[in-house]
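User: Please take a close look at one part of this model, the open sheet, and describe what surrounds it.

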Amino acid sequence: MANKDRRYLLTPAGRHAWENQDLSVPEDYRRILWLMDFHGKEAVVGELLRRYPAKVLDEWLMEMEQLGLIEPATDDADKSAFSARQADRTGTMDQATLKATGQAASEHLTHTGAYIAADRLSTRPPQSKSPSECVVLIVEDDPDQLALAELRVGMAGYKVRLATTVNAFLHSMLDDGAPDLLLLDVFLPDGNGFDLLVKMRRHAVLGALPIVMLTSENKPEYIGKGLLLGADGYVIKPYTKNILADVIRRVLKHDGGA
């Protein structure tokens, strides 16, 4: 029987397998690696048991250990790995660039309520599907803000999916596939939107997914960080229906350009 309290860490080989969608690794294994990486230091077996029979999961995890894709995590190793991930995401970011990027975008946001990363969008082809065919996944934990965003995205003519946590986002991606655009809050009950953004951007298949930060975090350092980590746009709460609709259209190039 699978141990619900056991934690695992991805090895470098395991991270490479899911980030690059290595076809030599079975699809189910890549899905498990995806869940483990996004859950970080939390126990993941309980989540996996919702998807796979306990006996099957035990055998798969044993084989994944033998293949060098995962390793059991002790408390010390888990904390060390978490610290290393944080250092990798933030410690190498050039502070001068962060400040300059954040300040410039912040000034623009003050006047318009939104910022578009035009340089990122310049090489992206227009979305071929019509707005009514496109799905926008909103990741937001505040019920009022979630309802407001759902209403405004729907009024703009787009289909909507909702997630209130990182975990719900993961299962939405696994069960329903990738959306056409992701609206992402920064602070979530079980994670951080910036961390999620980093992991999405380094994924070989999902790395180009349009992502817009939709948040009340309006400090220049937050704005700069989001843009440098790969956000296509940044919208500050409170916002209007027209502002959000315009950002979505521009990021998906439904208006003919960035």
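Analyst: The account below starts with the model as a whole, then turns to the sheet, its central part, the cores and the aromatic pairs.

This is a predicted model, in which local features need pLDDT of at least 70 and side-chain atom pairs count only at pLDDT 80 or more, while totals for chains, interfaces and linings use all residues. Residues are numbered from 1 along each chain as its sequence is written, and side-chain values use heavy atoms, with hydrogens and water left out.

The protein chain has a mean pLDDT of 85, and 86% of its residues reach 70 or more; pLDDT is the predictor's confidence in each residue, from 0 to 100. Over residues 77–91 pLDDT stays under 50, and the model has 20 contacts beyond four places in sequence for them. Contact here means heavy atoms within 4.5 Å.

The protein chain holds 12 helices and 10 strands, which are DSSP runs numbered from the N terminus (helices H or I, at least four residues; strands E, at least two). Of the contacts between residues at least 6 apart in sequence, 72% join residues at least 24 apart. Buried residues account for 48% of the 258 residues in the protein chain, where buried means under 20% relative accessible area, exposed over 50% and partly exposed in between (1.4 Å probe, protein chains only).

The open sheet consists of six strands in the order S3-S10-S9-S6-S4-S5, with mixed pairing. Its edge strands are S3 (114–116) and S5 (159–163), each of which pairs on one side only. Two strands count as paired if DSSP finds at least two bridges between them. On average, neighbouring strands of this sheet are turned by 15° against each other, direction ignored. Helix H6 (residues 95–112) packs on the sheet, where it touches S3 and strand S10 (233–236), and its direction makes about 130° with that of S3. For these angles, axes are lines fitted to C-alpha atoms, for helices over the stretch in contact, and angles run from 0 to 180 degrees between N-to-C directions.

S6 (residues 181–184) pairs with strand S9 (residues 211–215) in the parallel sense over three bridges, and Leu184 stands opposite Met213 in S9. S6 also runs parallel to strand S4 (residues 135–139), joined to it by four bridges; here Val139 stands opposite Leu184. In a regular strand the side chains alternate between the two faces of the sheet. Both faces of S6 are covered, with Leu181 and Leu183 buried on one side and Leu182 and Leu184 buried on the other. Not counting residues up to four places away in sequence, Leu182 touches Leu137, Val139, Phe169, Leu196, Leu209, Pro210, Ile211 and Val212.

The largest nonpolar core has 49 residues, of which Trp34, Phe169, Leu182, Leu184, Met200 and Met213 touch the most other members. Helix H2 (residues 27–39) supplies the largest share of this core, seven residues. A second, separate core of 21 residues includes Ala114, Ile116, Tyr239 and Val251. A nonpolar core is a set of buried Ala, Val, Leu, Ile, Met, Phe, Trp, Tyr and Cys residues joined through side-chain atoms within 4.5 Å.

Helix H9 (residues 166–176) contains Ser172. Ser172 counts as buried at 8% relative accessibility. Leaving aside neighbours within four places in sequence, Ser172 is in contact with Leu137, Arg161 and Gly177.

The structure has five aromatic pairs. Rings of Phe, Tyr and Trp (its six-membered ring) pair if their centres lie within 6.5 Å; planes under 30 degrees apart count as stacked, over 60 as edge-to-face and the rest as tilted. The Trp18 and Trp34 rings have centres 5.3 Å apart and planes at 85°, so this pair is edge-to-face. Because Trp18 lies in helix H1 (residues 12–19) and Trp34 in helix H2, the pair ties together parts 16 residues apart in sequence. Trp18 is buried, with a relative accessible area of 0%, and Trp34 is buried at 7%.

Phe187 and Tyr222 also make an edge-to-face pair, because their ring centres are 6.0 Å apart and their planes at 80°. Phe187 lies in strand S7 (residues 187–188) and Tyr222 in helix H11 (residues 220–228), so this pair joins parts 35 residues apart in sequence. Phe187 is partly exposed at 39% relative accessibility, and Tyr222 is partly exposed at 24%. Tyr29, Tyr52 and Trp60 form one aromatic cluster.
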